[in-house]
Amino acid sequence: MIVNDRISKSLQAILIVAATLLVYYPVRECGFIWDDNDYVTMNVHLRSWEGLIRIWTDLQAEPQYYPLVHTTFWLEFRAWELNPVGYHAVNVLLHTLNSLLLWQLLRKLGISGSWLAAMLFAVHPVCVESVAWITERKNVLSSFFYLSAAHCFVRFSRLENADGSASSNPSGVDVRTHHWRWYAPMCLLFVCALLSKTVTSTFPAAMLVIVWWKRRSLPWPTILALLPLFAAGIRLGMITAWLEEHHVGASGREWDFTVVERMLIASRAVWFYVQKLLWPNPLMFFYPRWNIDSQAAWQYTFAAAGLVVMISLVAFRRRFPGTLAASLLYVGTLFPALGFVNVYPMRYSFVADHFQYMASMVFLSWLASGIALASERFQQIRIPLYLASATWVAILMYLTFRQVPIYQNLETLWENTLAKNPQSWIAMNNLGNIRIRQGKHADAVALFESAIRLKPDYADAYVNLGKALGDVNRLQEAEAAYRRGVALAPPTPILATSLSGLGVVRARLNDLDEAVICLTRAIELQPDYAEAHYNLAIVFQSRGELDKANSHFRKAAQLRDQREKSLLKQ
């Protein structure tokens, strides 16, 4: 029996691995997209030992302080430099391991349908964004450590029997004692999870929910043991929130919401994510950003529905403890991404597939458990349930296999986004930049103008429109676009770019004095702006001021040389 059981488990594991590798096979054709340049391709810290030290010691060295993620990229750069296949392969490997870890964790907790839950998670298309997007190493790596820490907690808190099966007799477990040899590994793995992505800060709360579900009580020794984890999660979560606002830039009018408005966003987001797990179509990189109106009564229906569900589950907690626990775990795991804390992607949409990577494990486990329990209780529908489950898995595999190629490159990503969300001004702007590089300036101009119509205060689109118009010698229109960009842009690199572009246009219109003023201001804002130095040198040269021209030519060459050395340094 033991041998047969091991063979069965091995076969089940092989099926999960094979299904995952099959649906993610197209990722071999995928490259780097969007902010992969900040994390990998243009990340100078991956090139040297000094960079590795900064990754760990400088909170603002990277877009976010997730040093374990950037350390994996640092190691991979030594192995395959900028070959995207290696980075994608590691993401797929981590996702596969997460699926296996989820399966074994559910088995230890005695949850029915554990294998089906793991399979659903492995092949669900909602996970594609986290797996096929290299930057989202944050999700797959942090989840690996999160699940590993959860395994240690189950052993630490004696939630399984000596043979490794789930404890089915809570009263027979001595809650006053713990397997303390598992405590240090649990803490270490939890810290690793936090250093990969701080959404995992909900781990100790999640473990308390699991303990309550298994024992219908919360032993004080367990609570006290988790207090240091709560403290670590809160501390690193606060650091992430501060960096998101002050370093990444998630502040200003687009993130200015009242408490009531944030409640409306959060409640709607929860139901949105549930719907995408049940019906994952369409999936897109940027979903439409909702218009939140606290005066609109219908927008409160999401919160009201959620409140009714939670009150009902609490009232019937003795009858449906597992469903109550699953609901608390799902919403709790989603909490960091529900809009109560500012995150930069909220500028484009309040929801994203990668926001629910970890939380999806909970909901899919609850669904799989319900299917398994129904098949055990109602023997007459067991075969139809098995067939329906197999069909569902097959459909999810097909959808995932189709979803992966969307991440092949930036052009396929933005084209797909616009096809599904024609109001995505960020996709229009980014696709417009691609059209400029392709020499399709008319298409680029049309895209930038569409983005501006949707978002009239979008400084980036005005700057890019100015460039596209300047490239085809529509200088008066280019000047108007640049001036609008200068008026709208805050004192950031985009303002420097606006001023530099305006300076070039004024020079081409023979207004060399204003050109000097604009380019000088651009350099004052961004002293290491090599292109602005070069353009200013050209203007000085046109004015016959050769000493100044040579000075800026040398500065531009020096800055470009420094950049090249940084990129080439190993």
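Modeller: Helices H12 and H13 are roughly perpendicular to each other, where angles under 35 degrees count as roughly parallel, over 145 as roughly antiparallel, 65 to 115 as roughly perpendicular and the rest as oblique. Please keep in mind that this is a predicted model, in which local features need pLDDT of at least 70 and side-chain atom pairs count only at pLDDT 80 or more, while totals for chains, interfaces and linings use all residues. Residues are numbered from 1 along each chain as its sequence is written, and side-chain values use heavy atoms, with hydrogens and water left out.

Colleague: At what angle do the axes of H12 and H13 cross, and which residues meet?

Modeller: Two packed helices are described by the angle between their axes and the distance between the axes. Here the axes of H12 and H13 cross at roughly 70 degrees and come within 8 Å; axes are lines fitted to C-alpha atoms, for helices over the stretch in contact, and angles run from 0 to 180 degrees between N-to-C directions. Helices (H or I, at least four residues) and strands (E, at least two) are DSSP runs, numbered from the N terminus. Ser-267, Arg-268 and Trp-271 of H12 meet Phe-302, Ala-303, Ala-305, Gly-306 and Val-309 of H13, contact being heavy atoms within 4.5 Å.

Colleague: What is found at the peptide bond between Asn-281 and Pro-282?

Modeller: That bond is cis, with omega about 0 degrees, and Pro-282 is placed in the loop between H12 (259-278) and H13 (301-315).

Colleague: How do H8 and H15 pack?

Modeller: Helix H8 (residues 137-156) and helix H15 (residues 357-377) have axes 9 Å apart and pack at an angle of about 50 degrees, so they are oblique to each other. Asn-139, Val-140, Ser-143, Tyr-146 and Leu-147 in H8 meet Tyr-357, Met-358 and Met-361 in H15.

Colleague: At what angle do the axes of H20 and H22 cross?

Modeller: The axes of H20 (residues 459-471) and H22 (residues 493-508) cross at roughly 25 degrees and come within 10 Å, which means that H20 is roughly parallel to H22. Asp-460, Val-463 and Gly-470 of H20 make the contact with Ile-494, Thr-497, Ser-498 and Arg-508 of H22.

Colleague: Turning to loops, where does Ile-111 lie, and what is it in contact with?

Modeller: Ile-111 lies in the loop between H5 (84-108) and H6 (114-123). Apart from its neighbours within four places in sequence, Ile-111 is in contact with Leu-106, Trp-213 and Ser-369. Ile-111 and Leu-373 are 262 residues apart in sequence, yet 9.6 Å apart in space, C-alpha to C-alpha.
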